[in-house]
Amino acid sequence: MNRVAIDRKADFPGLVNADGSPWHYLDSAATAQKPQVVIDAVTRALGTDYATVHRGVYTRSAEMTLGYEAARRRVAEFVGGREDELVFTRGATEAINLVAYSYPEKGRVLLSQLEHHSNIVPWQLAGWQVDVCPLTRDGRIDLDAAERILTTDHKMVAFAHVSNVLGSVLDAKRAAGLAHAVGAKLLLDGCQAVPRLPVDVAALGCDFYVFSGHKLYGPTGIGCLWARPETLDAMPPYQGGGSMIDKVTFARTTYAPPPTRFEAGTPHIVGALGLHAAIDYVESIGLEAIHAHETALVRQTRDALRNLNSVILFGPEDSAGIVSFAVEGVHPHDVGTILDESRVAIRAGHHCAQPLMEALGVPATARASFGVYNGPADVDALVKGIERVRRIFG
Ligand SMILES: Cc1ncc(COP(=O)(O)O)c(C=O)c1O
């Protein structure tokens, strides 16, 4: 019997169809729906509170600057860091690009077979030599293999904290120990971890932590890079423009200290304030409670799908908030389309993880992923929908 204690559907105006019927939204790993408190914070920031930051001499701008910097502090503390360690970016993708381009000691980077394209392509573009860590049979990053592969030529290890396809959770502490033993840094892609696990960068032992706000119930276009001040300070700017400078002349420009050095141009002020509200919202529920809630839903889903002969499940049994599966003989896109007719929204495709699809030996999977608004009724709707898929294709 699954006990699911959280039921926050009512906080999310986006979860009701135009005719008033419920929408079974199971695509939070792509992007989370927004609670009313975040919508309100964004509306205020764009409306009554709106002004630029860091430059205005007038009161509204000074207040907005305080709000923007308070958001930085809140986001940093959310992952166990400090405000001077937190760079606002457009999202995880930009944060990884920033590190791939600006980290001064380029060399070999060890990635894993399950990485999202945004943790593969930036390293290739920035000229790193990429090595690949294989997975265990149940879909975790194989850290025994990582230990064998790593040499002092490796300057970086960049792994997903939680896989966006399999939901497998990395033993980050061990990964940090392995990276540091050869003098490499560890970057963790926390996109799928921050909405569903408590994160403390000091306990994880990583050197870089990145995530996107929109998967954490916040707005799109805002995310962050966490790193220690001495690590950031050794990195040159990633982009040039306003705000990130100390002194500009045509002969020579000097740069602001981090984190400002990495925030060229007028920032996404509204996004930062929206992300602040999202973190307040998530912490008012509690990450431990969210994790337990999603774990119960994953268990319910895997047990139910296992009972339907002809459904293949991917990933480990203890995956965090995400279940990838395939219905034998049916393309995942057809599964997704038929489920949509029952108002069940899943993701179908390669999930921006083509190398992982190759390792799994499939072109695509179907994926259900959970959030604080999901409950057993959503899983029941998914299972009923898949029974319908089997009847149609049977
Ligand atoms: C594990 C993981 N890494 C990185 C990303 C990229 O995030 P964004 O597109 O918000 O930059 C995603 C988004 O799907 C993801 O799931």
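How far is an oxygen atom of the ligand from an N or O atom in the side chain of serine 212? The distance is 2.7 Å. The protein covers 84% of the 390 Å² of accessible area that the ligand has on its own. Accessible areas come from the Shrake-Rupley method with a 1.4 Å probe.

This is a predicted model, in which local features need pLDDT of at least 70, side-chain atom pairs count only at pLDDT 80 or more, and totals for chains, interfaces and linings use all residues. Residues are numbered from 1 along each chain as its sequence is written, and side-chain values use heavy atoms, with hydrogens and water left out.

**Around the ligand**

Which residues are around the ligand? They are Ala92, Thr93, His116, Ser118, Asn164, Asp189, Cys191, Gln192, Ser212, His214 and Lys215. A residue is near a molecule if one of its heavy atoms lies within 4 Å of it. By class, this shell has 2 nonpolar, 7 polar and 2 charged residues. Here Ala, Val, Leu, Ile, Met, Phe, Trp, Tyr, Cys and Pro count as nonpolar, Asp, Glu, Lys and Arg as charged, and the others, Gly among them, as polar.

Two further residues place an atom by a ligand oxygen. For threonine 93, a polar side-chain atom lies 2.6 Å from an oxygen atom of the ligand. Alanine 92 uses its backbone: an N or O atom there lies 3.5 Å from a ligand oxygen. A polar contact is a pair of N or O atoms within 3.5 Å.

**Helix packing**

Helices are DSSP runs (H or I, at least four residues), and strands are E runs of at least two, numbered from the N terminus. Axes are lines fitted to C-alpha atoms, and angles run from 0 to 180 degrees between N-to-C directions.

| Helix pair | Axes | Angle |
|---|---|---|
| α2 (residues 59-78) and α9 (residues 269-285) | within 9 Å | roughly 45 degrees |
| α10 (residues 287-307) and α13 (residues 376-393) | within 10 Å | roughly 20 degrees |
| α1 (residues 36-46) and α9 | 8 Å apart | about 155 degrees |

Angles under 35 degrees count as roughly parallel, over 145 as roughly antiparallel, 65 to 115 as roughly perpendicular and the rest as oblique. So α10 is roughly parallel to α13. Helix α1 is therefore roughly antiparallel to α9, and α2 and α9 are oblique to each other.

A crossing is left-handed if the near helix is turned anticlockwise from the far one by less than a right angle, and right-handed if clockwise. The crossing of α2 and α9 is left-handed. Helix α10 passes α13 in a right-handed crossing, and α1 passes α9 in a right-handed one.

**Two loops**

The peptide bond from proline 258 to proline 259 is cis, with omega near 0 degrees. Proline 259 sits in the loop between β10 (253-255) and α9. Histidine 351 is not a glycine, yet has a positive phi of about 55 degrees. Its loop runs between β14 (347-349) and α12 (354-360).

Key:
Polar contact = N/O pair within 3.5 Å; in protein donor to acceptor, adjacent residues only side chain to side chain.
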